[in-house]
Amino acid sequence: MDTIRRTHRRRHLSAVRAARLVGARSIHRHNDIGWIPIVQPRRGRRRPRTTGASSPARGSFARFAHAARIRWDVQLMNKLRVIQWTTGKVGTLSTRGILDDPRLELVGVYGNSDEKAGTDAGTLCGRPQTGVQATTDIDALIALLADRRAVERRLVSHQTSQRALGVRRRSLPCRDQG
Amino acid sequence: MIKGEPEVQTRIRFIPPETWGNHEWDTMTAMPAVNAAFDVAAAPAGIRTLHDVGLASAPAGVWLNKAV
């Protein structure tokens, strides 16, 4: 087996191992056409494999931390695009929280007055410049979240990580609802 | 607090940075909204409660206003 095939097989096996670890039935990747499965874990195993060197044993409290780390990593890879609505007393502090959280990406700020419109979000909350300016145009803010494909990809990844934590399964929102 | 044998009590103290003034305490109000962003975004559309989304509901327990 040449090097390229060996590398591909190693990545494939690691993807299968990760899928079993978090209890996913399949891993999907989105291309320009739609969602395509790239790996199908072994059928018939309803519970993820918990024994092994890579994951804590079942029943161990370390498993919660392990699942939390997986969830954190997944959220880091799929940053949530957030719009901060108003920058008042508490809104200013939540804007700081969004800027400080590596899992969140501030894409827009709604300023509830014309004086705040055009002002940088960092200036409004006492942080360095962010390049995101407050606006009073609600339609423009909603258009910032028009990347529906990215949102769906993030939701699927989030559900996978939730499954690792043992959270009950939730249904995905309908595509038409955005 | 869990009544029973043995009785279990959990006490939480908020220790803010020394630089915090009265206004910075509002961070405690802003934190739940920021931290709930992922769960709220993953929830189905419609009117949902904290229980539906999977978030912790109102804090249950005894709130002590005195410094201990």
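Two residues are in contact if their C-beta atoms, placed from the backbone, lie within 7 Å. In chain A, residues 24 or more positions apart account for 54% of the contacts with a separation of 6 or more.

This is a predicted model, in which local features need pLDDT of at least 70, side-chain atom pairs count only at pLDDT 80 or more, and totals for chains, interfaces and linings use all residues. Residues are numbered from 1 along each chain as its sequence is written, while chains are lettered from A and ligands numbered from 1 in the order in which they are written.

**The two chains**

Helices (H or I, at least four residues) and strands (E, at least two) are DSSP runs, numbered from the N terminus. A residue is buried if 20 or more other C-beta atoms lie within 10 Å of its own, exposed if 12 or fewer, and partly exposed in between.

| Chain | Residues | Helices | Strands | Buried |
|---|---|---|---|---|
| Chain A | 178 residues | six helices | five strands | 21% |

Read from the N terminus, chain A has the order α-β-β-α-β-α-β-α-β-α-α, and chain B has α-α-α.

**The sheet of chain A**

Two strands pair if DSSP finds at least two bridges between them. In chain A, three strands form an open sheet in the order β3-β4-β5, with parallel pairing. Strands β3 and β5 of chain A are at the edges, each pairing on one side only. Strand β3(A) (residues 80-85) and strand β4(A) (residues 104-110) are joined by six bridges in the parallel sense. Arg81(A) has Glu105(A) in β4(A) as its bridge partner. Between β3(A) and β4(A) the chain passes through helix α3(A) (residues 89-100), and this β-α-β crossover is right-handed. That term applies if, with the strands pointing away from the viewer, the path from the first strand over the helix to the second runs clockwise. On the β5 side, β4(A) and strand β5(A) (residues 134-135) pair over two bridges, also in the parallel sense. Here Tyr110(A) has Thr135(A) in β5(A) as its bridge partner.

**The nonpolar core**

A nonpolar core is a set of buried Ala, Val, Leu, Ile, Met, Phe, Trp, Tyr and Cys residues joined through C-beta atoms within 7 Å. The largest one has six residues: Val109(A), Ala121(A), Leu124(A), Cys125(A), Val132(A) and Ala134(A). Helix α4(A) (residues 121-125) supplies the largest share of this core, three residues. When residues up to four places away in sequence are not counted, Ala134(A) touches residues including Val109(A), Ala121(A), Leu124(A) and Thr87(A).

**Helix α2 of chain A**

Ala67(A), Arg71(A), Val74(A) and Gln75(A) are buried in α2(A). These residues cover an arc of only 100° around the axis, so they are on the same side of α2(A); the arc is that of the directions from the helix axis to the C-beta atoms. Ala62(A), Ala65(A), Arg69(A), Leu76(A) and Met77(A), on the other side of α2(A), are exposed.

Val90(A) lies in helix α3 of chain A. Because 16 other C-beta atoms are within 10 Å, Val90(A) is partly exposed. Apart from neighbours within four places in sequence, Val90(A) is in contact with Asp26(B), Thr29(B) and Ala30(B).
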